[in-house]
Amino acid sequence: MTAMPAPKPQVRGFFDPATATWTYVVWGAGDKTCAVIDSVLDYDAASGHTATASADKVISFIQGNGLAVEWILETHIHADHLTAAQYLKEKLGGKTAISKHILAVLKTWQPIFSNAADTPQDGAQFDHLFDDDEDFKIGALEARIIHTPGHTPADTTYIMGNAAFVGDTMFLPDVGTGRCDFPGGSAEDSYASTRKLLALPDDTRLYVGHDYPPEGREPLCMATVAEQKAGNIRAGAGIQKDAFVLRRREADRGKPVPDLLLPSLQVNLRAGDLTDFIKIPVNRI
Ligand SMILES: [Fe+2]
């Protein structure tokens, strides 16, 4: 008996040049129910002002195509941009969700931000916390998550048919993989997670959370498993764990923190809820 071919969901990517982030809208072919993955709320750190130009592009696409939002998903707690999850939910509906491993991330950052009063420590700010390997649906499209830690302890990959949204676990082949030097990050775990991704069928489309294109190349959002196996400069099929870990640690040593680390983490740990103030902890990280 031959296996049924995996469904090929429709995917639309939106690139935010300010943070090099890809936001995705994904929906089943012939279906009108969608999920939004890793949205961006624009933020000017100097003035403390937010703006919604990036999220509004996603909203017009969804409305223009008559799609209904069922899920607003995060691949992890981002450290380089604020999520627009609450803004999207307010405008379009849908349930916010992330991996249950966010509980570990909340625990790590609570003493740094002293945020127990404004950030629920049980994850209740999200409508749903996914278990590892949990199955769910986007309309009729079957989806599941797998735990792909390393960049952070809570990184998750969402798989829908032949499309997988890998967050910062892998980037385009000529860029490599995500940094592992944030609290709770692990180069060893990251290597194991890249192996999980490369074990998916060769024609699986891996959609990345960011692209940092080398000069002369336009930002791209996707490479197949076959392309990643053949060409990923850090985590291709022939690269052994020890070599990966050594090179990852070297690359991360002394790496500057992202410009929006402190505001991003605080807001993203609240599932995108903005309170009146974002704190800057002094000499704590
Ligand atoms: Fe990230």
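Contact is defined here as heavy atoms within 4.5 Å. The structure is a predicted model, in which local features need pLDDT of at least 70 and side-chain atom pairs count only at pLDDT 80 or more, whereas totals for chains, interfaces and linings use all residues. Residues are numbered from 1 along each chain as its sequence is written, and side-chain values use heavy atoms, with hydrogens and water left out.

Asn 162 occupies the loop between β11 (156-160) and β12 (163-167); strands (E, at least two residues) and helices (H or I, at least four) are DSSP runs numbered from the N terminus. Apart from neighbours within four places in sequence, the contacts of Asn 162 are Ala 6, Pro 7, Lys 8, Pro 9, Asp 203, Thr 204 and Arg 205.

The iron ion is coordinated at 2.0 to 2.4 Å by His 76 (NE2), His 151 (NE2) and Asp 168 (OD). Donors are N, O and S atoms within 2.8 Å of the metal (3.2 Å for Na, K and Ca); water is not among the atoms, so sites may look incomplete. His 76 lies in the loop between β6 (68-73) and α2 (85-92), and His 151 in the loop between β10 (141-147) and β11, so the pair ties together parts that are 75 residues apart in sequence. Both His 76 and His 151 are buried.

Strand β3 (residues 33-37) pairs with β6 in the parallel sense over five bridges, where pairing requires at least two DSSP bridges between two strands. Within this pair, Val 36 has Ile 72 of β6 as its bridge partner.

Conventions
Buried < 20%, exposed > 50% of the residue type's maximum accessible area, 1.4 Å probe, protein only.
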